[in-house]
Amino acid sequence: MAELIDRGQSTWGSHRLETFIKCPRRYGYEYEMGLKGDGNKTALIQGILLHTGLAHYYRRIQSIQMGDDPQEWLRPTDAVEAMAEKLAEEHASTEPQTLKDRVCDAITQYHAHWNFDRDWKILAVEEELRIRVKDPERARVIWDDFEDDVVTAEQADGYSAAQLATEPVRYLYTQRPDLAIWHRKFRQVFGVDHKSSARPLRGVAPSYAMSTQFIGYEAIGRAKWGAKWGGTILNGVQITAKRIDFGRPRLPSAPAAMGTFKKTVVFWRRQIADLRRAEIPPEEWPQSWQCYGRYGACPHVARCQGMK
């Protein structure tokens, strides 16, 4: 049976870091207590459906490039249908079914527009990439607040207890790029991020360059591919009631932000560790009171307001 690609968030990356920076209490609700929002918002659902379709589109191309059978993976429009059904059941909502036909139209037009991206060799589709960020001031055994930072027996082999007690924490940081490609024309590796939007992306590319997600992409891309890393491409699909359009701006570099990436990750991971170490209940963690944003209310606003 053909496989549906449904990877979700990476283990510990920009989603978690950005949530904590914006509101520690929301982080506590979602990642300490497991209280998630319903996610039933039009832009979010449309983005999930588009990502699902494009993941299958490129996974099938990758299979052809590797000499494997692309039929192991659902056809892009079939994958959109399957994901819409899954989301409708999970959220008890008809909206995914309402949006799926327009997204399928976008996938079909996407194929006609870009024609298999013959300059791209597909290196990875929805694969988690990992780095470790060292905190030189905190010892691993003392600050083992996260399961992914605990020393395994294999890692401990050859170290004395005293050495392990002073070995610095290396915080796990992960990203799951939509695509990693080798660009045959530029002879560089690029991360590709699919973006569904009602407006053209070219004008907003600079704002994405200074986002947690894409600074993380840059850090991991440099760590994994070194001088071969070329940066990030926004693979924009503009979907409105009247038109479907496409654009691929490259993100501008952000060298100053990259220069503080590791220090920033360490700073915020320490804050989380300290709250856990103090055994403060997550529902009492500090809150930002920035409860409304671009996509409406935070899913926990009633809880923080005292209405739940």
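Figure 1. Glu218 is described as buried because its relative accessible area is 18%, the classes being buried under 20%, exposed over 50% and partly exposed in between (1.4 Å probe, protein chains only). Because the model is predicted, local features need pLDDT of at least 70 and side-chain atom pairs count only at pLDDT 80 or more, while totals for chains, interfaces and linings use all residues. Residues are numbered from 1 along each chain as its sequence is written, and side-chain values use heavy atoms, with hydrogens and water left out.

**Figure 2. The whole chain and the confidence of the prediction.** The protein chain contains twelve helices and nine strands, and buried residues make up 45% of its 308 residues. Among the contacts with a separation of 6 or more, 76% are between residues 24 or more positions apart. The mean pLDDT (the predictor's confidence in each residue, from 0 to 100) is 87 for the protein chain, and 88% of its residues reach 70 or more. Over residues 142-148, however, the pLDDT is below 50, although this stretch has 21 contacts in the model beyond near neighbours in sequence. Where pLDDT is low, the predicted coordinates should not be read in detail.

**Figure 3. The largest cavity and the residues that line it.** A search of the whole structure finds one cavity of 30 Å³ or more, and the volume of the largest cavity is about 50 Å³. A cavity is a set of points, on a 1 Å grid over the protein atoms alone, where a 1.4 Å probe fits but cannot get out, and lining residues have an atom within 4 Å of a point; the points are joined across faces, edges and corners, and a volume is the space filled by probe spheres set on them. The lining consists of Leu129, Gln175, Pro177, Gly191, Tyr217, Ile220, Gly221, Trp225 and Trp229. By type, the lining residues divide into six nonpolar, three polar and no charged (Ala, Val, Leu, Ile, Met, Phe, Trp, Tyr, Cys and Pro count as nonpolar, Asp, Glu, Lys and Arg as charged, and the others, Gly among them, as polar).

**Figure 4. Glu126 in the loop between strands E1 and E2.** This loop joins strand E1 (120-125) to strand E2 (129-139), and Glu126 counts as buried because its relative accessibility is 11%. Apart from neighbours within four places in sequence, Glu126 is in contact with Ile5, Arg7, Ala55, Arg176, Pro177 and Asp178. Tyr58 is 68 residues away from Glu126 along the chain, yet their C-alpha atoms are separated by 9.9 Å.

**Figure 5. Helix H3, and Ile107 of helix H5.** Helix H3 (residues 42-66) has 25 residues and reaches 36 Å from its first C-alpha to its last, close to the 36 Å expected at 1.5 Å a residue, the expected span being 1.5 Å times one less than the number of residues. Gly67 follows H3 and has a positive phi, near 80°. Ile107 lies in helix H5 (residues 95-114) and counts as buried because its relative accessibility is 4%. Not counting residues up to four places away in sequence, Ile107 touches Leu50, Gly53, Leu54, Pro76 and Val80. The C-alpha atoms of Ile107 and Leu50 are separated by 7.5 Å, although these residues are 57 apart along the chain.

**Figure 6. Three loop residues: Met33, Arg187 and Trp289.** Met33 is found in the loop between helix H2 (24-32) and H3, where it counts as partly exposed because its relative accessibility is 38%. Its C-alpha atom is separated by 8.7 Å from that of Glu283, a residue 250 positions away along the chain. Arg187, in the loop between strand E4 (179-183) and strand E5 (188-197), has a phi near 55°, a positive value in a residue other than glycine. Arg187 counts as exposed, because its relative accessibility is 57%. Trp289 lies in the loop between helix H11 (261-277) and strand E8 (292-293), and its phi, near 65°, is a positive value in a residue other than glycine. Trp289 is exposed, with a relative accessible area of 67%.

Notes. 1 Å grid on protein atoms, 1.4 Å probe; cavity = no way out; pocket = protein on both sides within 12 Å on 5 of 7 lines; lining within 4 Å. Contact = heavy atoms within 4.5 Å. Helix = DSSP H or I, 4+ residues; strand = E, 2+ residues; numbered from the N terminus.
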